[in-house]
Every structure is written in structure tokens, then in C-alpha cells.
Amino acid sequence: MHPILEPGAMLGVLGGGQLGAMFTGAARRMGYRVAIWDPDPDAPAHRVADQSFSTPFADHDTRDRFVDTVQAITLEWENIPAELCQWLEQYRTLRPSSAVLKILQDRLTQKEFLSSCSLPVPDFAEVESEHQLHQVISRLGLPLICKTARSGYDGKGQWLIRQSSDIPQFERILTTSSSRVRWIAEQFVTFVRELSVLVVRSASGETCVYPVVENRHEQGILRDSVVPASISSSDAKAARELSVRAVAELHGIGIFCIELFQAKDGRLLINEIAPRPHNSGHYTLDACTVSQFEQQVRVICGLPLGEVRLLSPAVMVNLLGDEVTAVLSGERGQEIFSTSGASVHLYGKRVIRPGRKMGHVTFTAAESETAVASAQQFLSRVRKPPSVIPSIG
Ligand code: AMP
């Protein structure tokens, strides 16, 4: 038996973005209090937390106060320093563990781990020098996608080498980037679709799996997610089984999102695993019995996991950059708020930047086609032509 943390306890969250804010909403609904630690004083979760810390993660004084304040800890961002997590877990339960975080926060270490467990990933190699880049190109061929091993998200820190003429530009990036930056080159997968699966795993090994979601990205940023994915039941079963196996191999405790490519030849390949709730799982707030955030609360408090049932088909659309202003302005806003089946979530971020996730809208309907049609209509109202994000080449 694992001890249960009772309502009233203070749960600590490392990171204070929208995922932390949504976690806080779920925790408070269940009677818990939440302390957020995020160095950015403007991070959205600070506003909803019971206590907040906004000093750098290297601040030892805050580290000591944080550990005294909270009874259990989770994270909403994989780039939290693993050393901090390792220190914290000497005193408090931390889900996911620092060992799992260390594997997942580095793309190279993650892919090496998955390959060593015979889990399918795109062919990859480390790239440290121009010479090695040429060796990798001759082995994996072009196109090739090069990513920083750490800290990249939403397509940042990624370069696509489509053809030989793109090589010199990446060589320059490679030679001018800091010697501490490690690079991974991956075979560019021609996929039919991108999928994701949320897996929740408790300390006793109890596991639950959400339905398979189909995701569409633009310039590396999630545009929308459709659930259930339009795939055969045998493909859905294979995606779910693969995802459960990956989390079991990690001995992961917490909530994990497994992002997958369904390649043209039908193979499923793991793109990456996030050790936290995920943007593609936001639909669970409006369309499932228990949301991804409530599951995160349950895991860290040692409560039984919740039933995972899709109550209705759903499409989640991200509000990127100044698309949020369309939702808030005049008649167009009125139409969006009153669209049947639309749940509007706004993150309250003060600064609008191109491509920044400012909110999302989930469309639910009795039939998938209706939810998809509402989402498409919505997108055509709010979207601007995609701005070019230079790093994706
Ligand atoms: P990531 O940050 O690695 O999840 O990449 C963001 C997006 O870039 C993915 O969701 C894909 O749309 C695309 N992408 C990343 N890696 C690959 C790859 N090896 N092959 C094809 N597309 C990729």
C-alpha cells in the first residue's frame, strides 16, 4: 500500500505555464493546495496558486523553502534541472522521478533508451562536427531533421536539411553553436499522420490509457488535435500497446504523452515522450470522465487512477499568437463563444508573441464530423496566414 496524501495537502509544481495552471485547477477542485515554482514572475500559474516562488531554479534558499512548503512534487515542463529534482526527491515524493526526467529531457538519451528497449524510433545519430554530419547524411540520407538534444519545443532548435544545398547553412549553425550544445540528426519520416497517446501509471504499476489522438502541426507547433483518431481499431490498439510498453520500460510513475508518427509503410515510430500532461490532451478537460490534470493529481497523491472514458468526439484547436484577439473582439468573438459545443480556455498570458500558445478551444459534438466542421470553421475565422518561423528551415 502506498500512502495517500489527503486533501488539504500542499502540492508543489515545478514550472508555472498553462499546464501548471490547469493542474492547479484540478488540484483545488479536489481540495488540495498548490505551490508553484517558476522563475518567470509572469508565468500564468502564479496567479492561481496558493503560494508561488519566482526565483531561479538554482536558488538554494527557495529550494529549502519549497521543500518545507510542499508534501509532494510534480512538474509541468521537462526542462527543469534534473539535479534540483534529485535533491528534492530525497525529501519528498517526486512524480515523475529525476531518473526518468534525466532520460526524457535529452532527445539523444531518450532515443538511445528507447532503441535499447527495441522500441521503434526514427533512425538517428549524434552530430558533433561537420565531418560527422556528412557521415550521418551518407548513412541516413536526406531529408534529415537536426535538433538540439535539449530545450527545444514547438519546433524551436530544429533545422530541416531537405537537400544538399541546405547543408552549408546547417554547418554554419553547427560550428557557431556553443560546444555544450549537443545535436541529434533524425531521418525525416514521411508520415501519414501524427498521433499521441496519454498513459497514466501509478506507483503500484496500475496503468490507464487514453484514446489515440490525431495531431496536426504547423511549423512544428501543434495546430489541432482530433479524438478519436481516424485510424483502424487494430492501429489504435497497436499505438496504445506501444505507448504502455514505453512507459513500463521507463518504470515511469506519473502521466506521460507518447507522440508517434504513423509512417507511410504503416509502421508506428515514437517521436518523443513528454513526462507530463500534454497540449494534445487538453480535450480531456471537456470530453473525458477524468482529465489528464486530475490523473496527475491522483498519481502524486497516491489516489486510485480515474476511469478514462471519452464522453464525446472532440477537436481541440490552439489559439496561437494574436489569434486570441479574434476571440476577444466584437462580433467574431461573440460567434465563437456561442458556437454550440465550444469550450473556450484562455491562459491570461500578458505578452502575445507569434506562435505563442495563448489559449485553446475544444469542440465537442455527438459526431466526429460535426466537431471537425466546427473546428475548421473556427480556424478559418481566427487564423492569419502562417508566419515563417526561421528555425524550421
Ligand atoms: P518535436 O519537437 O521533436 O516533437 O517536433 C515537432 C514537430 O516537427 C513534430 O510534431 C513533427 O511534425 C515534426 N518532426 C519532428 N521530428 C520529425 C521527424 N524525424 N520526421 C518528420 N517530422 C518530424
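Predicted model: local features only at pLDDT ≥ 70, side-chain atom pairs only at ≥ 80, totals over all residues.
The ligand is surrounded by 15 residues, of which Arg-107, Lys-147, Glu-186, Val-189 and Glu-194 are the closest. Classified by residue type, this shell is made up of 5 nonpolar, 5 polar and 5 charged residues. Two or more residues of the shell are given by each of strand 7 (144-148), strand 9 (183-187), strand 10 (191-201) and strand 15 (268-274). Because domain 2 (123-187) and domain 3 (191-382) both give residues to the shell, the ligand lies between them.

Across the whole structure, 21 salt bridges are found. Glu-186, which is one of the residues closest to the ligand, takes part in a salt bridge with Lys-111, in which the closest N and O atoms are 2.8 Å apart. Since Lys-111 belongs to helix 5 (residues 107-116) and Glu-186 to strand 9, this pair ties together parts that are 75 residues apart in sequence. Both Lys-111 and Glu-186 are buried. Glu-186 also meets the side chain of Lys-147 in a salt bridge, with an N to O distance of 3.2 Å; here the link runs between strand 7, which holds Lys-147, and strand 9, which holds Glu-186, the two residues being 39 apart in the chain. Lys-147, like Glu-186, is buried.

A further salt bridge joins Glu-323 to Arg-223, with the closest N and O atoms 2.8 Å apart. Glu-323 lies in helix 11 (residues 323-328) and Arg-223 in strand 13 (residues 221-227), so that this pair ties together parts 100 residues apart in sequence. Glu-323 and Arg-223 are both buried. Elsewhere, Asp-106, Glu-126, Arg-150 and Arg-182 are linked in a network of salt bridges.

Helix 10 (residues 292-301) is mostly covered, with 10 of its 10 residues buried. Among these buried residues are the charged Glu-294 and Arg-298, together with Phe-293, Val-297, Val-299 and Ile-300. Just after helix 10, Gly-302 adopts a positive phi of about 75°.

Key. Residues numbered from 1 in each chain as written. Heavy atoms only, no water. Buried < 20%, exposed > 50% of the residue type's maximum accessible area, 1.4 Å probe, protein only. Helix = DSSP H or I, 4+ residues; strand = E, 2+ residues; numbered from the N terminus. Near = heavy atom within 4 Å. Domains from an automatic or database assignment. Salt bridge = Lys/Arg side-chain N within 4 Å of Asp/Glu carboxyl O.
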